[in-house]
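Hi everyone, thanks for making time. I'd like to walk you through a few local details of one model, so please have a look at the screen.

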Amino acid sequence: MDQTANPSKDFSTTDLDVPRLYEGVRTRRIASFVIDYALVLFLSVPAAIVIFLLGIVTLGIAWGLYAVLLPVIAIVYIGVTMGGNRQATPGMRFAGVHVARLDGERVDPTLAVLHGVLFWASASILTPLVLLVSLFTARKQLLHDLLLGTVVIRDR
């Protein structure tokens, strides 16, 4: 495929074969996960307060929103950040990594959310397997990366 046909492509698949892009990626992904998890928890505090106040006004009906509070905040957080211009969550930016598609296209918000949901689903069911997969793939991809055709690479 001609690269001039789609100027939005930042790199080709062959560019993703450079080993330097994957040095320390597993450790950086773990660090970014911890940071992002903390940020989602931090963002949930004001939302929890709003739900509490809505619960008082609605005589407790709005308190049912607590059941979906964290997943909704996490989905919006991932969709807006990883699916945005930088292709990375704030934790990923801090760790110096970003997500890329193997076909060279940009990660859109839908794919970003699917990436996060598949990570949580696979990690909750197959916890050790998710990380073990990265030991046997050349690009240190996790299980959900393989399924979606994405890879996490270093910025610097």
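Predicted model: local features only at pLDDT ≥ 70, side-chain atom pairs only at ≥ 80, totals over all residues.

Residues are numbered from 1 along each chain as its sequence is written, and side-chain values use heavy atoms, with hydrogens and water left out.

Let's start with Gln87, in the loop between α2 (69–81) and α3 (90–95); helices here are DSSP runs of H or I, at least four residues, numbered from the N terminus. Is Gln87 buried or exposed? Gln87 is buried, at 6% relative accessible area; buried means under 20%, exposed over 50% and partly exposed in between, with a 1.4 Å probe and protein chains only. Its side chain reaches the backbone oxygen of Gly84 at 2.6 Å. Beyond its neighbours within four places in sequence, Gln87 is in contact with residues including Met92, His98 and Arg106, where contact means heavy atoms within 4.5 Å.

Now to α2 itself. Its buried residues, among them Leu69, Ile73 and Tyr77, pack against α1 (25–57), α3 and α4 (109–125).

Finally, Leu41 sits in helix α1. At 37% relative accessibility, Leu41 counts as partly exposed.

That's my tour, and I'm happy to take questions!

Conventions
Helix = DSSP H or I, 4+ residues; strand = E, 2+ residues; numbered from the N terminus. Polar contact = N/O pair within 3.5 Å; in protein donor to acceptor, adjacent residues only side chain to side chain.
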